[in-house]
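The report below describes a complex by its helix packing, its strand pairing and the contact between its chains.

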Amino acid sequence: MLGTELNVAALDAAGQMALDEAVLLAAPAGALVLRVYRWSGHACTFGYSQPYRAARAACDARGWTDVEPVRRATGGGIVFHDGDVTFSLVFAWERTWAPDSIYKNIHRAAHLGLKQAGAATSLNSPPRRPLGAAAACFARAEPMDLVLADGTKVLGGALRKRDGKGLYQGSLRLERLGLTPQAAAEAVAEGAAREFGRAPSRELAPQWLAAARDIATRYRSRDWNQRR
Amino acid sequence: MLDPKSLKYQKSHEWFSADGTVGISDHAQKEITDVVFVEPPKVGRHVKRGEACCVVESVKAAFDIYAPVSGEIVAANAEAGKNPALVNQDPYGKGWLFKIKASAPDDAAALMSASDYETFIASEAAHGSH
């Protein structure tokens, strides 16, 4: 019998990253799996290529001296998980490599779901900027991030392509959306169903959970988090 | 710069030259758009054909790069690590990623020719965006 995400204990950053990777590695080809995180406390994650010292300094500047930032498998910037709705989507990503179109599709899904729930957002389309993203995810809106009418970024995310599958990890800020975390999570699920033409699975196989416990060891390690 | 027509390719869009050099195709670099990070494999590592051994990242997405053949990594492009834009600017030249000393000569024979790769790309495009 499959477990659902509601049966999964609240996890720290290493546990969440490991579970996403376990789903990415083990989900069957063609699967569409949505996971909305339950956090066990404040957490900070940072992009695969980012230097650890930047994430460490950002945590310290925020007063999060006891929070150990965890390197993600996905790209993107530093994210503080303190009241956001964090979610991941594992999906088929076979033919094209083009991340822009994938990112747009997923954020359009969230846009549609949020609109249905009464929260107005739009896909950001700024003029071309110099190469590179801001170190902190929410420091500025990148193309296809979800923004409010005044340009405030409310959804940012990042991707990893492995074999024929993709992992998206996103952070939705609720402060100005007027939605509860549960309503926002349901809006994302509803939007994904509309955008992808089928409801995403929210069930987690027991073997994925078991694999995640092993993978989490890496995400807690200095070798992984401080590799650069 | 190598002649793309002289290279072998795999479906995950890596090219492989007769001297064991590996990079990603022009088609792939255009799809990724701006490459901002390259993590080549460590020299001396032994890899199996199809094993993820290198990472290329654009602004929002990280991509695994797969070994086209089994063997030992004998060189990694430190310049591409310092200047990832080389992957976009010169994918068949200065933007190479690593070199493999193949341990199984038959592996290369299983890769696609340039013309087969062109056909493959066209069929992918015909099947849609994902």
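In which sense, right-handed or left-handed, does α3(A) pass α4(A) in their crossing? α3(A) passes α4(A) in a right-handed crossing, where a crossing is left-handed if the near helix is turned anticlockwise from the far one by less than a right angle, and right-handed if clockwise.

This is a predicted model, in which local features need pLDDT of at least 70, side-chain atom pairs count only at pLDDT 80 or more, and totals for chains, interfaces and linings use all residues. Residues are numbered from 1 along each chain as its sequence is written, while chains are lettered from A and ligands numbered from 1 in the order in which they are written. The predictor assigns the complex an ipTM of 0.91 and a pTM of 0.93; for chain B the mean pLDDT (the predictor's confidence in each residue, from 0 to 100) is 94, with 98% of its residues at 70 or more.

**Helix packing in chain A**

Helices (H or I, at least four residues) and strands (E, at least two) are DSSP runs, numbered from the N terminus. Helix α3 (residues 99–116) and helix α4 (residues 181–196) of chain A have axes that come within 7 Å and cross at roughly 120°, the axes being lines fitted to C-alpha atoms, for helices over the stretch in contact, with angles from 0 to 180 degrees between N-to-C directions. α3(A) and α4(A) are therefore oblique to each other, given that angles under 35 degrees count as roughly parallel, over 145 as roughly antiparallel, 65 to 115 as roughly perpendicular and the rest as oblique. Among the residues that meet are A:Arg108 and A:Leu112 in α3(A), and A:Val188 and A:Glu195 in α4(A).

**Strand pairing**

An open sheet of 3 strands in chain A has the order β4-β3-β5 with mixed pairing, and its edge strands, β4 (70–71) and β5 (79–81), each pair on one side only. Two strands pair if DSSP finds at least two bridges between them.

| Strands | Sense | Bridges | Bridge partners |
|---|---|---|---|
| β3 (residues 43–46) of chain A and β5(A) | antiparallel | 3 bridges | A:Thr45 and A:Val79 |
| β9 (residues 153–162) of chain A and β7(B) | parallel | 3 bridges | A:Leu159 and B:Ala61 |

**Contact between the chains**

In chain B, 23 residues are in contact (C-beta atoms, placed from the backbone, within 7 Å) with 26 residues of chain A. On the side of chain B that touches chain A, at least two residues come from each of α1 (26–32), β4 (35–39), β6 (52–58) and β7 (61–66) of chain B.

Definitions and conventions. Contact = placed C-beta atoms within 7 Å.
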